Amino acid sequence: MELVELKSSDELQRQFRITDVVDFWKLVGHLPNISRLARRIISMFPSTYRCEAAFSALSKIKCRNRNRLSPQHTTEALRIAVSSAEPDFKSLVRQKECQKSH
């Protein structure tokens, strides 16, 4: 019945054309079953991409020359490889003191 209501409503069809797909399914809260199904389908593809990116990064980390990494170091290297955070190099350099000559 929710699908029939969605298909027959001119207002919902207009909202679908003018809003972002994710935002549209957030607006359609009065249709809980179809909204939940749509959110699951939408979220499937980005999570699959991240999973594949992590496996690709792991295969580069655990190559033949680096096969003796401990599980902790492998986890840390993988976290760095898949993270989108950018380090603030200027701040890190400011915190360090220059090594003075003797």
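In the predicted model, Phe16, Val21 and Val22 form a nonpolar surface patch of about 230 Å². Patches consist of residues with over 30% relative accessible area and no salt bridge, like charges being joined within 9 Å and nonpolar side chains (Val, Leu, Ile, Met, Phe, Trp, Tyr) within 5 Å. Areas were computed by the Shrake-Rupley method with a 1.4 Å probe, and for residues only the protein chains shown count as cover. Val21 belongs to helix α3 (residues 21-27) and is partly exposed, at 39% relative accessibility. Here buried denotes under 20% relative accessible area, exposed over 50%, and partly exposed the range in between (1.4 Å probe, protein chains only).

Residues are numbered from 1 along each chain as its sequence is written. Local features need pLDDT of at least 70 and side-chain atom pairs count only at pLDDT 80 or more, while totals for chains, interfaces and linings use all residues; side-chain values use heavy atoms, with hydrogens and water left out.

The secondary structure comprises six helices and zero strands, in the order α-α-α-α-α-α along the sequence. Helices (H or I, at least four residues) and strands (E, at least two) are DSSP runs numbered from the N terminus. The C-alpha trace spans about 80 × 35 × 20 Å along its principal axes. The radius of gyration is 24 Å, whereas a compact globule of 102 residues would have a value near 13 Å; the radius is taken over C-alpha atoms, and the globule rule is 2.2 Å times the number of residues to the power 0.38. Buried residues account for 16% of the 102 residues.

The largest nonpolar core contains eight residues: Leu6, Leu12, Phe24, Trp25, Val28, Leu31, Ile34 and Ala38. Helices α3 and α4 (32-61) are the elements that each contribute two or more residues to this core. A nonpolar core is a set of buried Ala, Val, Leu, Ile, Met, Phe, Trp, Tyr and Cys residues joined through side-chain atoms within 4.5 Å. Leaving aside residues up to four places away in sequence, Leu12 touches Glu5, Leu6, Phe24, Val28, His30 and Leu31, a contact being heavy atoms within 4.5 Å.

One salt bridge is present in the structure, defined as a side-chain nitrogen of Lys or Arg within 4 Å of a carboxyl oxygen of Asp or Glu. The bridge joins the side chains of Arg14 and Glu11 at 2.8 Å, N to O. Both residues lie in helix α2 (residues 10-18), three residues apart, or about one turn of the helix. Arg14 is partly exposed, with a relative accessible area of 37%, and Glu11 is also partly exposed, at 42%.
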